[in-house]
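Terms are defined where they come up.

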Amino acid sequence: MHYISTRGSAPVLTFEQAMLTGLARDGGLYVPETVPQFSPDEIAALAGLPYEEIAFKVIRPFIGQTFDDTHLEKLIERAYQGFGHAARAPLKQLAPNHFLLELFHGPTLAFKDFAMQLIGQFFQASLDRSGERVTIVGATSGDTGSAAIEAFRGLPNVDVFILFPHGRVSEVQRRQMTTPDDANVHAIAVDGDFDTCQALLKDMFNDFAFRDRVRLAGVNSINWARVLAQVVYYFSAATSLGAPHRAVDFTVPTGNFGDIFAGYIARRMGLPIGKLVIATNQNDILHRCLTTGIYRTEGVLPSISPSMDIQVSSNFERAVFDAYGRDGKAVAQLMDDLKATGAFTVSQGALQALREVFDSGCVSEKETSATISATLAASAELICPHTAVGVAVAEDHMGTNPMVTLATAHPAKFPDAVQGATGLRPPLPPRMADLFDRPERVTRMTNDRAALQALILERTGA
Ligand SMILES: *Cc1c(COP(=O)(O)O)cnc(C)c1O
């Protein structure tokens, strides 16, 4: 299995190389050269299996020779053993023909754990073999950072540094990053906003001498291995609801387009998914693009679903690549347009191809809160604000297929928004009820790349 770049001019890589590289050298994103196909019989055989067994069957054809079968089985087993639910990704019925896929039973209470826990295992296995060390540096608005720390804490060949904007993450998110006491975990509160953190990160990756010296690695959501891990729960959910004998629709609260792109891959593998519905908050670039054909960045508006407050939806490039018949030159041109003018226009043919698979909707702040309280009243379920964005859009897109809305975070991760909407403050699950009693460990920094790099050199001894 080979991986190619969406911009057509980076080296072709194996799964392992694509995972360790992250972003392609031509600025593109890696995608599989061909998508493995599952027959209806193979899909039917997944129904009712434990999550780990479905994961093994779905992931195996994508990884080539990277891990043998026994090894892969073991890595998947370890990745999900810390989840707080035996089904890993349980379905819950919300209304007639409408189901929630609960993706928040992992160690940091958001769906990011599904991918991060697995790539933590994959990275460590790969580094064990090569004897190498890497330094993972990530920038986060909250959920990715805690998921990465939880996945890489205590691993012998990895140091993990997470930059988060000081004072701009929820208290639960901050404590999940600052309370792990492993020596290889470094939480760094930067004076600035998320863009400040991301710019620092980018500059470090562009400092090649530094990058090579500490062997920087990236685990943000454009990493193909993360997308792959997320394909699995589309199979587990759809087969539970009758696939392949019945098609299923999905609505996905969307920011960087990673989670919904995983659903698109499942569909291309042969899973009968009717529609994939993009649900955005007031930062609605994807909804506008699907509606008008013009992808235009605007300023980010802070919302009560902060993990979806983004301007440039990186993984969308992968869908655009397919919509343009996998023409890397055309994609590179669109991305140049975006850089130069803040916008690009999707061709009529490509827009039609996107609309055959994707539908979309956007939700205001008021509607998000109203959906949290209406869902509690109608179904006795407390949902997080991101999930509420999904539920509101799904209700507008119900057809004859069962609709599955992805519940991307636990309500206790965003207690203020939930309390604001319902008057109820959702408690943390018992297994992490002591989060507020654990001591915090954090380094505060100004927006100073030289100081940050000095700190990384000192802590890693590189
Ligand atoms: C990251 C995140 C999202 C958005 O997912 P993408 O893959 O970036 O589209 C939605 N909800 C929550 C809770 C998240 O953490």
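The largest cavity is lined by Thr-254, Gly-255, Thr-280, Asn-283, Ile-285, Leu-286, Met-308, Ile-310 and Ser-313. A cavity here is a set of points, on a 1 Å grid over the protein atoms alone, where a 1.4 Å probe fits but cannot get out, and lining residues have an atom within 4 Å of a point. The model is a predicted one, in which local features need pLDDT of at least 70 and side-chain atom pairs count only at pLDDT 80 or more, while totals for chains, interfaces and linings use all residues. Residues are numbered from 1 along each chain as its sequence is written, and side-chain values use heavy atoms, with hydrogens and water left out.

The space in the largest cavity comes to about 40 Å³, where a volume is the space filled by probe spheres set on the points, and grid points are joined across faces, edges and corners. Its lining has four nonpolar, five polar and no charged residues. In this classification Ala, Val, Leu, Ile, Met, Phe, Trp, Tyr, Cys and Pro are nonpolar, Asp, Glu, Lys and Arg are charged, and the others, Gly among them, are polar.

How many cavities of 30 Å³ or more does a search of the whole structure find? The search finds two. The second largest cavity holds about 30 Å³, and around it stand Val-31, Pro-32, Val-35, Phe-261, Ile-265, Arg-268, Arg-318, Asp-322 and Arg-326. Strand 2 (30-32), helix 11 (258-268) and helix 13 (316-323) are the elements that give two or more residues to this lining; helix 11 has the largest share, three residues. Helices (H or I, at least four residues) and strands (E, at least two) are DSSP runs, numbered from the N terminus. By class, the lining of the second largest cavity has five nonpolar, no polar and four charged residues.

Helix 13 also contains Glu-317. This residue is buried, at a relative accessible area of 5%; buried means under 20%, exposed over 50%, and partly exposed in between, with a 1.4 Å probe and protein chains only. Apart from neighbours within four places in sequence, Glu-317 is in contact (heavy atoms within 4.5 Å) with Thr-6, Arg-7, Gly-28, Leu-29, Val-331 and Met-335.

Next come the open spaces. A pocket is an open set of grid points with protein on both sides within 12 Å along at least five of seven lines. The second largest pocket has a volume of about 310 Å³. It is lined by 15 residues, of which Leu-20, Val-134, Arg-215, Leu-216 and Ala-217 are the closest to its centre. Helix 1 (15-21), helix 5 (112-130), helix 9 and strand 8 each supply at least two residues of the lining. Six of the lining residues are nonpolar, four polar and five charged.

Helix 9 (208-214) and strand 8 (216-217) are also among the elements that cover the buried residues of helix 8, as are strand 5 (134-139), strand 6 (158-165), strand 7 (185-190) and helix 19 (449-460). The buried residues of helix 8 are Thr-196, Cys-197, Leu-200, Leu-201, Met-204 and Phe-205. Helix 8 runs over residues 194-206, and its 13 residues span 19 Å from first C-alpha to last, close to the expected 18 Å. The expected span is 1.5 Å times one less than the number of residues.

The largest nonpolar core has 116 residues, and Phe-152, Tyr-234, Phe-235, Phe-250 and Phe-358 touch the most other members. Helix 10 (residues 224-240) gives the most to this core, with 12 residues. A second, separate core of 18 residues includes Leu-201, Phe-205, Leu-216 and Leu-452. A nonpolar core is a set of buried Ala, Val, Leu, Ile, Met, Phe, Trp, Tyr and Cys residues joined through side-chain atoms within 4.5 Å.

Some backbone details remain. The peptide bond from Ala-243 to Pro-244 is cis, with omega near 5°, and Pro-244 lies in the loop between helix 10 and strand 9 (248-253). Phe-257, in the loop between strand 9 and helix 11, has a positive phi near 70° although not a glycine. Phe-257 is buried, at 1% relative accessible area.
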